[in-house]
Every structure is written in structure tokens, then in C-alpha cells.
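Here's a short tour of one protein model, written for someone just starting out with structures. Have the picture open while you read, and look for each part as it comes up.

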Amino acid sequence: MTAILVHGVPETAALWDDLRAQLPDVDTVALGLPGFGTPLPDGFEPTKEGYLEWLVGELEAREEPVDLVGHDWGAILVTRLAFSRPDLIRTWVTDAIAIFDSSARWHDLAQVWQTPGAGEEFMANLEAQTPQERAPLLVGAGMPEAYAAKAAAAIDPTMNRAILRLYRSATDVHGDWGFDLGRTQSPGLALLASEDPFSARDLSARVAERLGLEVRVLEGLGHWWAVQDPARGAAALRDFWGSAGRG
């Protein structure tokens, strides 16, 4: 089996390093979103549609359907792909589905990024800081300290511009991508971290039921569960893959 892992914002593919180490017998590939520790290809539009098209292309290049795992924005992309191109996947895992509910609202920082002027000011202030100065901001949002240092060092103008474009293309995820989602064709899992401040648990559970997803709650873990407890995260994936007959 091949498991494709897709990170979120403001992260790079290094998010998955510790979790991948817990899956030595699984062929895992951690994709880096364009602009997030990787260059932006010529002509690439860092919008939600642009990133979805990019992810589709990555999977189309593979010989067989994959087991797809997404975190944060990666999870949003994975969710939409599971319905728009189910032929490309065997199973899928998401940890960010609340935003697909009609009553969902973006968190406060996302709304800053979506606001012209305010978003640019925020990013300018961020770029003026050293990685050592940025790291405590990420830790304050719940990111584990060891990974926060890596994430802070990866923040650059390319990533920041991509973040602004991405969030401004996604002011209404439900209206654009979620209103027509029914029950999934491929086995799907919603991982709900009990201490995640960026995803409303009640909305996540409601969307999971609507989409026909298996639900597993990661008690005591937050938004960055894959870094906080990679062994437990890997075990949850193994259990799901096994129950779906993909182990």
C-alpha cells in the first residue's frame, strides 16, 4: 500500500516526519504543498482550486489508487478530492471537516488573512521577525515546541503570499465545495482531536455522519496531533486501514 500524506498551514511536509517513522513497513509519501517549503511553479495559482488540481495531478501520476491522509488544509483538499475523484483513492483520512458545515465560520486568524490590508500587515510583521521570535507565536496556538522551531524557520514571503491567496479563495468552503457532498464511495475516517481549537467538534461529528465516515476521537490531543503523539496517530491509521481491508 502507498499512503500519501498532505500537510496544512503554516506547515511543510516535515509535519509528518515523526509519524512516518512509526510506519516503517508502510510506503508513505509526504507531499509538500507548492509554496510551503517548495517553489511555486510558474503559472500556479495558490487558491483552493489550484491546490486541488495540483493534488489530483500528483495522484494521477501514480499507477494505483492510494490511501490518502490530510491534515488542516491538506484535509480540506483530501475531503473534496474524495468526492470529485474517488477513482484515485482507496481510503481517505481527514481531520478538518467542520468547515464543510453550512454554519461553520473560519477562526479569527483566518479572517484576518482574508481581509485585504489586515492580512498583508500581519504577514509583513511576521516576516520582520526572526524564526526564534516567530516560534512562540506558533507554540501559543498549540503547536508542539520542537516542530514550531522547524515551522517558524520555513515561513517566508512565498508561503505568506500563498496563505493569503488560499484563504481569500475560501471564504465559503461549504457553498463552493460542501453543499453537494453525499456519502463517500471509499472508506473514510474523520480523526477528531478533542483539544483542537480550530475545528468545532459538534460540527465535525455532524459532517462525518452526513458523509458516512468512521469517527475516531484522539482524546487529549490538539490540532497538531501527528506531532504531539505520532505513535497514537500512526496506530489510529493502522487500525482504520486494517478495518477497511487495506492493511
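What follows walks through the sheet, the helices around it and a couple of backbone details. Keep in mind that this is a predicted model.

Let's start with the sheet. In what order do the strands of the open sheet line up? Its six strands run β2-β1-β3-β4-β5-β6, and they pair in parallel. At the edges sit β2 (27–31) and β6 (214–218), each of which pairs on one side only. Ignoring direction, neighbouring strands here are turned by 20 degrees against each other on average. For a closer look at one pair, take β1 and β2: five bridges link them in the parallel sense. If you want to find one of these pairings on screen, go to Thr2, whose bridge partner in β2 is Asp27.

| Helix | Strands touched | Angle between directions |
|---|---|---|
| α10 (residues 201–211) | β4 (89–94), β5 (188–193) and β6 | about 170 degrees with β5 |
| α12 (residues 230–243) | β1, β3, β4, β5 and β6 | about 165 degrees with β6 |

Helices pack against each other here too. At what angle do α2 and α3 pack? Helix α2 (residues 48–60) meets α3 at about 65 degrees, and their axes are 10 Å apart. Because of that angle, α2 counts as roughly perpendicular to α3. The crossing of α2 past α3 is right-handed. On the α2 side, the contact is made by Lys48, Tyr51, Leu52, Leu55, Val56 and Leu59, while α3 brings in Trp73, Leu77, Val78, Arg80, Leu81 and Ser84. Sort the residues of this contact by type and you get nine nonpolar, one polar and two charged.

Finally, two backbone details in the loops. Where is Pro10 found? Pro10 belongs to the loop between β1 (2–6) and α1 (17–21). The peptide bond leading from Val9 into Pro10 is cis, with omega near -5 degrees.

The other detail is at Asp72, in the loop between β3 (66–70) and α3 (73–84). Its phi is near 60 degrees, which is a positive value in a residue other than glycine. Is Asp72 buried or exposed? Asp72 has 11% relative accessibility, so it counts as buried, since the cut-off for buried is under 20%.

Terms used. Residues are numbered from 1 along each chain as its sequence is written. This is a predicted model: local features need pLDDT of at least 70, side-chain atom pairs count only at pLDDT 80 or more; totals for chains, interfaces and linings use all residues. Side-chain values use heavy atoms; hydrogens and water are left out. Helices (H or I, at least four residues) and strands (E, at least two) are DSSP runs, numbered from the N terminus. Buried means under 20% relative accessible area, exposed over 50%, partly exposed in between (1.4 Å probe, protein chains only). Two strands pair if DSSP finds at least two bridges between them. Axes are lines fitted to C-alpha atoms, for helices over the stretch in contact, and angles run from 0 to 180 degrees between N-to-C directions. Contact means heavy atoms within 4.5 Å. Angles under 35 degrees count as roughly parallel, over 145 as roughly antiparallel, 65 to 115 as roughly perpendicular and the rest as oblique. A crossing is left-handed if the near helix is turned anticlockwise from the far one by less than a right angle, and right-handed if clockwise. Ala, Val, Leu, Ile, Met, Phe, Trp, Tyr, Cys and Pro count as nonpolar, Asp, Glu, Lys and Arg as charged, and the others, Gly among them, as polar.
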